[in-house]
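Welcome! Take a moment to look at the structure before reading on.

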Amino acid sequence: MICLDNFFTGTKRNIEHLIGHPRFELLRHDVTFPLYVEVDEIYNLACPASPIHYQHDPVQTTKTSVHGAINMLGLAKRLRCRILQASTSEVYGDPAVHPQTEDYWGNVNPIGPRSCYDEGKRCAETLFFDYLRQHRLEIKVARIFNTYGPRMHPNDGRVVSNFVVQALQGEPITIYGDGNQTRSFCYVDDLVDGLMRLMGTAADFTGPVNLGNPGEFTIRRLAEMVIDMTGSKSKLVAKPLPADDPRQRQPNIALAKRALGWEPRIPLEDGLKLTTAYFDGLLRGTSVEATT
Ligand code: UDP
């Protein structure tokens, strides 16, 4: 296995346990540059996914999704190998259809602060389907809904890591807006299982297919769960709602169930316990390997 990372948001610590394994190789590489390697399958997960990270250098974010997709698709074309794209529920924007099904075309602002990510990922989907039509590539497109778990960066900026770290440190829990917006949170192990099943599907199955946990929670409810779980004394504080923040998000996973035989196994309560244990270890300086 060759693992590529430019370490913009990732850390070497996350793959430390794999370094030295005879079948694992690490390359520091940015997908916006061409890559020549020999592989049998490509998983393209490149792109910062947290709003604070992808808005830090929006032009680079679009480049990562678009140039990155072109480079990885070019590699797949040369090798005639399968390629999987980690797309996103953000292609649905602030959705007018609820829960979101794969045939919904979305409600995306093309010129807002989230557009570099949303439109970059949408363009990457276009490129994947054009490489399928034009070059007969074997493509697989997953639309990933909010995912969380151990090995997230403590300053990732996304809601689960923020709330857990804030609760563990006794800091105020920052609720953006009224906290009534919803998200559906998928534990990382479930997601990885879904991605591998998708890669293993028959050649004619392309997706796009939603991968996420249909359990839908308001952000306020998530904050309460984290406080209960950690026994924290943290108070909730209101912060302004970021521009274009989607009101609701919940995957319809009927297609994933049918085509991949997949559905998430780990409920939010259990996943939050594992995530809290991880961050607790990290903040105390003792590493915790959370497994399920
Ligand atoms: N959010 C929040 N407090 C935080 C971080 C995020 O209330 O400290 C909210 C954010 O406004 C959004 C939801 O939690 O409504 C999920 O945000 P996140 O950045 O995790 O992912 P998104 O789904 O918006 O890309």
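What is the volume of the largest cavity? In this predicted model, the largest cavity has a volume of about 60 Å³. A search for cavities of 30 Å³ or more turns up 1 in the structure.

To find this cavity on your screen, look for its lining, made by Asn146, Thr147, Tyr148, Met152, Arg158, Val159, Val160 and Phe185. Two elements, β6 (147-148) and α4 (159-169), each give two or more residues to that lining. By type, the lining residues divide into 5 nonpolar, 2 polar and 1 charged.

One of the lining residues, Arg158, is also part of a charged pair. Its side chain meets that of Asp156 in a salt bridge, at 2.7 Å from N to O. Asp156 counts as buried, with 7% relative accessibility, while Arg158 counts as partly exposed, at 27%. Elsewhere, salt bridges with shared partners join Glu90, Arg114, Arg183, Asp245 and Arg249 into one network.

Next come the pockets. The second largest pocket holds about 170 Å³ of space. Around this pocket sit Val91, Glu102, Tyr104, Trp105, Arg122, Glu125, Phe129, Arg143 and Pro208. Helix α3 (residues 115-135) gives the most to the lining, with 3 residues. The lining divides into 5 nonpolar and 4 charged residues, with no polar ones.

How many salt bridges are found in the whole structure? The search finds 15 salt bridges. Another of them joins Asp130 and Arg133, with the closest N and O atoms 2.9 Å apart. These two residues are 3 apart in helix α3, so about one helical turn separates them. Asp130 is partly exposed, with a relative accessible area of 31%, and Arg133 is exposed, with 52%.

| Salt bridge | N to O distance |
|---|---|
| Asp130 and Arg133 | 2.9 Å |
| Asp156 and Arg158 | 2.7 Å |

Which residues make a nonpolar surface patch of about 370 Å²? The patch is made by Tyr43, Leu45, Val192 and Met196. Tyr43 lies in strand β3 (residues 41-44) and is partly exposed, with a relative accessible area of 32%.

A last stop is Phe33, found in the loop between β2 (25-28) and β3. Phe33 counts as exposed, since its relative accessibility of 53% is over 50%. Phe33 and Thr64 are 31 residues apart in sequence, and their C-alpha atoms are 9.3 Å apart in space.

Conventions. Residues are numbered from 1 along each chain as its sequence is written. This is a predicted model: local features need pLDDT of at least 70, side-chain atom pairs count only at pLDDT 80 or more; totals for chains, interfaces and linings use all residues. Side-chain values use heavy atoms; hydrogens and water are left out. On a 1 Å grid over the protein atoms alone, a cavity is a set of points where a 1.4 Å probe fits but cannot get out, and a pocket is an open set with protein on both sides within 12 Å along at least five of seven lines; lining residues have an atom within 4 Å of a point. Grid points are joined across faces, edges and corners, and a volume is the space filled by probe spheres set on the points. Helices (H or I, at least four residues) and strands (E, at least two) are DSSP runs, numbered from the N terminus. Ala, Val, Leu, Ile, Met, Phe, Trp, Tyr, Cys and Pro count as nonpolar, Asp, Glu, Lys and Arg as charged, and the others, Gly among them, as polar. Patches are made of residues with over 30% relative accessible area and no salt bridge: like charges are joined within 9 Å, nonpolar side chains (Val, Leu, Ile, Met, Phe, Trp, Tyr) within 5 Å. Accessible areas come from the Shrake-Rupley method with a 1.4 Å probe; for residues, only the protein chains shown count as cover. A salt bridge is a side-chain nitrogen of Lys or Arg within 4 Å of a carboxyl oxygen of Asp or Glu. Buried means under 20% relative accessible area, exposed over 50%, partly exposed in between (1.4 Å probe, protein chains only).
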